[in-house]
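These are my notebook entries on one protein model, taken in the order in which I looked things up. Each entry names its topic before the findings.

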Amino acid sequence: MVKDLYQQLAPTESDIKIDIDKVFKCFEKLSESQAYYSSTRGSHAAMIVDSRLETLSFAEDVGRHNALDKAIGRSLLAGDLGNAAMVVLSSRISYELVQKAARAHVPIMVSESRPTALAVQIGKSLNMTLPALRRNPS
């Protein structure tokens, strides 16, 4: 049952608004930061940014879940996770990634791939924003 997946997560109370053109720049920065992807074509990346879209942390890993765990951990250890406004992912948003972001109190997750249906359902229940953005609509 879907309610079993909610865990003990509270809906976000954030009403942050972010300029969409600046979000595309975050994707560019994410791509530029990926040291392993160009040679392996098999790594994923996660970047956490604040409300000014300044990078708080970045991580790359062969696993998308690991990349997000590392990025959240780095922000937590640096003491700036409370300033996190958005997660930028190189991979598809799954319900597990939504749960991780919700636990870290990050209200927005963006990716160039569409989120899964379950991710959307859980994100909606937690008042999160999960856009899939493509600069080129084709």
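**Entry 1. Conventions and overall make-up**

I took contact to mean heavy atoms within 4.5 Å. On that basis I looked at contacts in the protein chain between residues at least 6 apart in sequence, and 50% of them join residues at least 24 apart. I note that this is a predicted model, in which local features need pLDDT of at least 70 and side-chain atom pairs count only at pLDDT 80 or more, while totals for chains, interfaces and linings use all residues. Residues are numbered from 1 along each chain as its sequence is written, and side-chain values use heavy atoms, with hydrogens and water left out.

I then listed the secondary structure, taking helices (H or I, at least four residues) and strands (E, at least two) as DSSP runs numbered from the N terminus. The protein chain has five helices and four strands. Read from the N terminus, their order is α-α-β-β-α-β-α-β-α.

For burial I used relative accessible area: buried is under 20%, exposed is over 50%, and partly exposed is in between (1.4 Å probe, protein chains only). By this count 43% of the 138 residues of the protein chain are buried. I also recorded the accessible surface of the protein chain, about 7900 Å², with 49% of it belonging to carbon and sulfur atoms. These areas come from the Shrake-Rupley method with a 1.4 Å probe, and for residues only the protein chains shown count as cover.

**Entry 2. Helices α3 and α4**

How do α3 and α4 lie relative to each other? The axes of α3 (residues 64–78) and α4 (residues 95–103) come within 10 Å and cross at roughly 5 degrees. The two helices are therefore roughly parallel, a term for angles under 35 degrees, against over 145 for roughly antiparallel, 65 to 115 for roughly perpendicular and oblique for the rest. The axes are lines fitted to C-alpha atoms, for helices over the stretch in contact, and angles run from 0 to 180 degrees between N-to-C directions.

I looked up the residues at this contact next. Arg 64, His 65, Leu 68, Asp 69 and Ile 72 in α3 meet Glu 96, Leu 97 and Lys 100 in α4. The residues of this contact divide into three nonpolar, one polar and four charged. Here Ala, Val, Leu, Ile, Met, Phe, Trp, Tyr, Cys and Pro count as nonpolar, Asp, Glu, Lys and Arg as charged, and the others, Gly among them, as polar.

In α4 I found Leu 97, Val 98, Gln 99, Lys 100, Ala 101 and Ala 102 buried. Their cover includes α3, β3 (86–89), β4 (108–111) and α5 (117–125).

**Entry 3. The nonpolar cores**

I defined a nonpolar core as a set of buried Ala, Val, Leu, Ile, Met, Phe, Trp, Tyr and Cys residues joined through side-chain atoms within 4.5 Å. Which members of the largest core touch the most other members? They are Val 98, Met 109 and Met 128, out of 26 residues. At least two residues of this core come from each of β1 (44–49), β2 (55–61), α3, β3, α4 and α5. Apart from it lies another core, of 15 residues, including Val 23, Cys 26, Phe 27 and Met 47.

Not counting residues up to four places away in sequence, Met 109 touches Leu 68, Val 87, Leu 89, Ile 93, Leu 97, Val 98, Ala 101, Met 128, Thr 129, Leu 130 and Pro 131.

**Entry 4. Positive phi values**

Most residues other than glycine have a negative phi, so I noted the exceptions. Leu 53 has a phi near 65 degrees and is found in the loop between β1 and β2. At 12% relative accessibility, Leu 53 counts as buried. Beyond its neighbours within four places in sequence, Leu 53 is in contact with Ile 18, Lys 22, Val 23, Cys 26 and Met 86.

Asn 127, in the segment after α5, has a positive phi of about 60 degrees. Asn 127 is partly exposed, at 43% relative accessibility. Just after α4, His 105 takes a positive phi of about 65 degrees.

**Entry 5. Two further loop residues**

Is Pro 107 buried or exposed? At 7% relative accessibility, Pro 107 counts as buried, and it lies in the loop between α4 and β4. Pro 107 and Ala 85 are 22 residues apart along the chain, with their C-alpha atoms separated by 6.2 Å. Not counting residues up to four places away in sequence, Pro 107 touches Thr 12, Ser 14, Ile 16, Ala 84, Ala 85, Met 128 and Thr 129.

Glu 54, in the loop between β1 and β2, is partly exposed with a relative accessible area of 42%.
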